[in-house]
Amino acid sequence: MRLDLAWRTDTRTEVRAILDAFFTDPRLLELISAAEKIHVQPGAGRCLVERTTQTDGPDPQADVHTDTFFPTHKVWLYLTDVTEQDGPLVYYPRSQRLSPRSLAAVYRESTSAASGSRRIEADEPARRRLARKVFTESANTLVVADTSGYHGRHQGAPPGTRTSLHLQFRPDPFRRPAVLEADRSSAALDGK
């Protein structure tokens, strides 16, 4: 799987103006504020244009995982139709709710040498009676996910391609009040 990213702050001025119209839309901010249970300021979080292209071999994000043990939200506005071949989002509804078993797994991971997202054991969703949902959707569909829940990308197939506007909102739960940092990305864009 190949991933091409363009951070909002690294795009040309005219492209950034279009992205900002979406990124700072009051309706989107109200939606994310309700999901995060904090007031989300315009420009908080991170915004990028993301294109995934399926290649031969496994997609490392096809492994079901959970990003953190506290609420964190990601948003995708699909700019193209997304089929199973294109590697759509996979999510297990209700998995963001902590159970004694999932909390124990979070604790074990936090005290081990493991780094990155917690990978979900293959039988864990079945033990929690969770059903998998694959978000194959048409262009202009907005997908919002609490990524503390079990999620990943469906393993697509070449030449599947998914293009989306991707937003990430991760407030620091250890600050009171919780704070979302402004987008300060500066990734290179190959001169574009």
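I started at R97, which sits in the loop between strand 5 (89–91) and helix 3 (100–110); helices (H or I, at least four residues) and strands (E, at least two) are DSSP runs, numbered from the N terminus. The model is predicted, so local features need pLDDT of at least 70 and side-chain atom pairs pLDDT 80 or more, while totals for chains, interfaces and linings use all residues. Residues are numbered from 1 along each chain as its sequence is written, and side-chain values use heavy atoms, with hydrogens and water left out.

Leaving aside residues up to four places away in sequence, I see R97 touching S102 and R128 (contact: heavy atoms within 4.5 Å).

Five strands make an open, antiparallel sheet in the order 1-2-10-4-8; strands pair if DSSP finds at least two bridges between them. Strand 1 (2–7) and strand 8 (142–146) are at the edges with a single partner strand each, so one side of each has no neighbour in the sheet. I noted that strand 4 (residues 73–78) and strand 8 run antiparallel, joined by five bridges. L77 has L142 in strand 8 as its bridge partner.

Last stop was H65, in strand 3 (residues 65–66). I find H65 buried at 3% relative accessible area (buried is under 20%, exposed over 50%, partly exposed in between; 1.4 Å probe, protein chains only). Its side chain makes a polar contact with the side chain of R119 at 3.0 Å (a pair of N or O atoms within 3.5 Å; within protein, one must be able to donate a hydrogen and the other to accept it, and residues adjacent in sequence count only if both atoms are side-chain atoms).
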